[in-house]
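Please examine the sequence and the structure shown below. The paragraphs that follow lead through selected elements, beginning with a pair of helices and continuing with strands.

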Amino acid sequence: MVHRLPVIVALACAFVSAAAGTAYHDFDAVAATLKQRAAAHAEVELLTIGKSAGGRPLLVARVAAAGGENPDIRPAVFVGANIAGYHNAGSEAALHVLTTLLDGKHGELLARTTFYVAPALNPDAHDGMLGALRRRITGNATRIDRDLDGLVQEDGTNDLNGDGRITRLRIADPRGTMLANPDDPREMIEADPLKGHVPTHRVLDEGFDDDGDGEWNEDGAGGVVPDKSFAHAYRYDDPEAGPWPGYAPEARALMDFLLERSNVALAVVFGPANNLLATPRSLGGGGDTGSLKFKVPRFAAEMLGFDPEQEYTLDEIWEVAQTLPFVVQNNVTKEQLAQFLGAGPATKPDDADLKYLEDLAEAYKKRLDDAGLDSKREGKQYGRGGLTPWLYYQYGAMALELDVWGIPKPKQDKPDGGDKLTLDSLAEMSADEFLALGEEKIVAFLQEIKAPPQLTAQAVMQRVESGQVTPKQMAEMAKRMGASAGGDAEQAGPSDRMLFIDAQAPEAFVPWTEVTLPDGTRAEVGGVDPFVDVAPPPALLEPALGVHTETVLDLAGKLARVEILELKATDLGGGVHRVEAVAGNRGFLPTHTKLAERGRFHLPLRLEIATGEGVELVTGTRWTTSERLERTGRLTGEWLVRTGKRGGEITVELISDNAGRDRRSLVLGGNKR
């Protein structure tokens with residue numbers, strides 16, 4: 001049975017306050033805050049990187065301590081928010097990060113790291129939550145004729161009940177797809193024939209058919225959606241994405257700004273998705289390692305022994321190719337083979353990068369738990385053409401999208417006999433905890449979730465024990481194979497959203513009231529506030545801001561940091577010296593993501609020797625390189641140099657795009673004869 005928390009009047013009032021616009025910054029207030037920070041703090045330079053479709057400035061605060069390396073060369077963290085347009089909690093999170101960076105306690109971090117903080121990346125849509133009419137807007141001010149009738153924005157939403165916000169409209173119609181939740185008639189749910197549901201209503205955004213063309217609200221406010229306009233996995237068939245990648249000036253300006261700077265190693269986007277709560281899924285495409293089938297080009301098929309008319313997965317091709325002399329002798333990787341075969345752009349995160357995300361997720365979830373927030377709620381996925389996938393797949397940064405806050409799952413009573421095993425609780429287990437359940441309990445659990453026959457208890461226990469799969473991976477695999485959630489998944493009652501509204505934000509529900517539309521149709525207006533899922537009352541937002549600022553600062557401290565660890569010279573006689581240098585990564589994160597290494601988005605890390613007067617290089621090139629250094633990774637260089645009678649100096653420089661630089665010099669002894 002689900003516990004309903006008591007209604008907290010103060011929080012309900014706080015939600016009304018948020019609805020009135022007193023708890024969140026509108027765009028003008030965001031801009032004013034950034035200008036004030038820049039005027040008051042020498043560490044801040046306010047950059048205008050472009051303008052929105054509506055002519056509003058796109059502002060980025062560059063935060064770095066004065067002196068030292070050029071801020072645009074230092075390892076950097078990009079913090080961007082509200083490219084979605086309706087994610088105002090993200091803007092507050094970005095401002096909180098900026099304020100914390102300037103509290104005087106982070107001088108050492110700012111001396112070695114640059115932060116680019118952009119709290120409002122979709123200015124034209126930013127005030128949809130805070131205006132006289134409260135509504136979700138995702139598009140910019142570009143005027144689009146969506147219904148191709150020669151008019152623009154002539155059929156948008158309408159505030160039919162005059163409450164100042166756009167909620168939902170339900171019309172009794174058996175041809176619809178929705179019905180009132182039998183366990184809570186206030187909310188509408190999708191009719192599920194497998195549960196015996198009979199649809200009773202059509203449900204639309206609040207409004208009517210203004211232009212009389214038979215379509216409702218199809219040509220309203222908001223134009224091109226910037227978060228669909230980035231270059232990776234761009235959808236040409238989506239009018240909201242624009243006719244080509246980068247069509248939205250907000251997306252184009254941000255891509256230009258970042259591509260001019262190769263020093264961003266980590267990007268944190270505050271938006272609707274959360275890839276520390278939900279493992280990023282494939283965006284679809286031929287480059288998803290091992291997952292999709294494609295035809296092998298004829299020239300390669302003949303060399304590898306495949307039928308050019310058949311389709312194969314990359315795993316199937318690799319199984320044959322990995323033992324071929326050409327592959328072995330040239331150390332060809334599976335990723336390089338995919339590029340050679342023209343498998344297409346990668347749209348699935350690399351497994352090595354996912355492992356780092358898993359490590360980061362553990363610390364993130366603990367922070368949520370410590371702050372009394374929900375670490376077990378489901379995170380959403382980012383979409384095609386979005387900022388986050390572009391940052392990872394094409395810019396080459398370790399990119400995270402974090403939603404700041406989401407409606408928590410209500411606490412539940414423990415069933416008789418202790419906690420009941422579900423796919424969600426399984427995903428939280430360690431391998432030892434799972435194996436300790438025993439075969440009998442695992443058999444019962446697999447039967448309860450209606451797992452496919454091939455998912456037997458013995459099979460999964462063996463794979464977990466051998467380390468082939470983790471409980472979390474097994475839970476995700478079971479879901480993909482059609483298993484139900486198990487445990488209390490079928491529990492009847494109000495949704496998590498309605499339970500939250502009842503307990504902590506009663507003003508977020510608008511009771512259904514009857515209206516008559518201009519054409520005489522009788523309908524009802526009501527439902528939940530359009531921002532209840534993403535913009536909590538201030539009292540709930542505050543701890544979430546603290547968690548996410550702490551996360552950004554912790555991640556910044558984990559960036560790759562390259563240093564020359566050792567530089568020595570050995571006198572071989574005759575004026576000849578062997579110079580040896582060892583460079584290493586002192587950080588937790590690698591210098592490049594695995595995907596960036598595959599795509600070669602950055603210049604390689606390089607050790608380079610420079611000889612002073614009277615010193616000449618005898619053998620070898622002046623530099624040695626590495627595409628990527630893992631944590632504790634090493635790069636070594638060795639050179640032979642010859643000095644004159646009076647000796648001389650050599651300098652070894654370590655250069656990277658986004659993990660720092662280092663330089664050390666050594667004076668060589670004179671030639672002893």
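Predicted model: local features only at pLDDT ≥ 70, side-chain atom pairs only at ≥ 80, totals over all residues.

**Helix packing and strand pairing**

The axes of helix H6 (residues 249-259) and helix H12 (residues 387-395) come within 12 Å and cross at roughly 35 degrees. Two packed helices are described by the angle between their axes and the distance between the axes. On the side of H6, the contact is made by Leu 254, Met 255, Leu 258 and Leu 259; H12 contributes Leu 387, Trp 390, Leu 391 and Tyr 395. By residue class, the contact of H6 with H12 comprises eight nonpolar residues, no polar ones and no charged ones. An α-helix has 3.6 residues a turn, so residues three or four places apart point the same way.

How many of the eleven residues of H6 are buried? Eight of them are, and the helix is accordingly described as mostly covered. The buried residues are Pro 249, Glu 250, Ala 251, Ala 253, Leu 254, Met 255, Phe 257 and Leu 258.

The discussion now turns to the strands. Strands of a sheet pair through backbone hydrogen bonds, either parallel or antiparallel. Strand S16 (residues 576-585) is mostly covered, with seven of its ten residues buried. Ten bridges link S16 in the antiparallel sense to strand S15 (residues 562-573), and in this pairing Val 562 stands opposite Asn 585 of S16. S15 and S16 form a hairpin with two residues between them. In the turn, Gly 574 has a positive phi of about 65 degrees. S16 also runs antiparallel to strand S20 (residues 634-643), to which nine bridges join it; here Ala 581 stands opposite Gly 637 in S20.

A further arrangement is an open sheet of four strands, with the order S19-S17-S21-S22 and antiparallel pairing. Which strands form its edges? They are strand S19 (623-626) and strand S22 (662-668), each of which pairs on one side only. Neighbouring strands of this sheet are turned against each other by 15 degrees on average, direction ignored. Within the sheet, strand S17 (residues 605-611) and strand S21 (residues 648-655) pair in the antiparallel sense over six bridges. Ala 610 stands opposite Thr 651 in S21.

Notes:
Residues numbered from 1 in each chain as written. Heavy atoms only, no water. Pairing = 2+ DSSP bridges. Axes fitted to C-alpha atoms, helices over the stretch in contact; angles between N-to-C directions. Buried < 20%, exposed > 50% of the residue type's maximum accessible area, 1.4 Å probe, protein only. Contact = heavy atoms within 4.5 Å. Nonpolar A, V, L, I, M, F, W, Y, C, P; charged D, E, K, R; others polar.
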